[in-house]
Amino acid sequence: MNQIKDKKEVVQVEELEPVFDKVARYFSLLSDSSRLKVIHTICNLEKSVNDVVTTTGLSQSTVSRHLANLHMAGVASRRKVGAQALYTITDRTLTEICRNACVSLVAREMEQTDVQALQRGASQFMSEGEVAVHAESRAPTYAALAAQQEAR
């Protein structure tokens, strides 16, 4: 009986292989600290390549490569204005995952007394800024996540 159950589980895992591959590619977007800087810079406002270079301190070629990867992955939009291309993150799930991971990892390493510092600083990292987002699709702010973490 166990052998039949094991075979069913193997078949289910094999059927999910394309999903696992797609999820792995999606998460690979978050696997480079330079790309995270770029994501942070364009998560709420459209910015040109030059603006991203100035904000992040990364080279123009590095920024261009990361922006192209994000655009090709379908998580960032690109809009041409004259000779410039403006980029912004359009996939709110990506920024939500980023926020959750950052808050969780930082909170794990912090003492309880440092949670207030996290709440103050977290509101600045990948904050929602001036972006108009429908309330039901809005990713939580770091401050909200830190408060939830503190309540646990």
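I started at Val19, which lies in helix H2. Helices here are DSSP runs of H or I with at least four residues, strands are E runs of at least two, and both are numbered from the N terminus. Val19 is partly exposed, with a relative accessible area of 45%. I use buried for under 20%, exposed for over 50% and partly exposed for in between, with a 1.4 Å probe and protein chains only.

I noted the ground rules next. This is a predicted model: local features need pLDDT of at least 70, side-chain atom pairs count only at pLDDT 80 or more, and totals for chains, interfaces and linings use all residues. Residues are numbered from 1 along each chain as its sequence is written, and side-chain values use heavy atoms, with hydrogens and water left out.

**Patch.** Val19 belongs to a nonpolar surface patch of about 490 Å², with Val13, Leu16, Phe20, Val23 and Phe27. Patch residues have over 30% relative accessible area and no salt bridge; like charges are joined within 9 Å, nonpolar side chains (Val, Leu, Ile, Met, Phe, Trp, Tyr) within 5 Å. Helix H2 (residues 17-28) gives the largest share, four residues.

**Fold.** I counted eight helices and three strands. Along the sequence the pattern reads α-α-α-β-α-α-β-β-α-α-α. Of the 152 residues in the chain, 30% are buried.

**Core.** The largest nonpolar core has 19 residues, and Ile42, Leu67, Leu70 and Ile89 touch the most other members. H3 (33-42), H4 (49-56), H5 (60-72), S3 and H6 (92-109) each supply at least two residues of this core. A core is a set of buried Ala, Val, Leu, Ile, Met, Phe, Trp, Tyr and Cys residues joined through side-chain atoms within 4.5 Å. I then looked up Leu67. Beyond its neighbours within four places in sequence, Leu67 is in contact (heavy atoms within 4.5 Å) with Val38, Ile42, Val49 and Tyr87.

**Hairpin.** S2 (residues 76-81) and S3 (residues 84-89) run antiparallel, joined by six bridges. Strands pair if DSSP finds at least two bridges between them. Two residues separate S2 and S3 in the hairpin, and Gly82 in the turn has a positive phi of about 65°. Arg79 stands opposite Leu86 in S3.

**Salt bridge.** What does Arg79 pair with? Glu46 forms a salt bridge with Arg79, the closest N and O atoms being 2.6 Å apart. Glu46 lies in the loop between H3 and strand S1 (47-48) and Arg79 in S2, so the pair ties together parts 33 residues apart in sequence. The rule asks for a side-chain nitrogen of Lys or Arg within 4 Å of a carboxyl oxygen of Asp or Glu. The count comes to one salt bridge. Glu46 is partly exposed at 33%, and Arg79 is partly exposed at 41%.

Methods: Areas by Shrake-Rupley, 256 points an atom, 1.4 Å probe, with all protein chains shown as cover.
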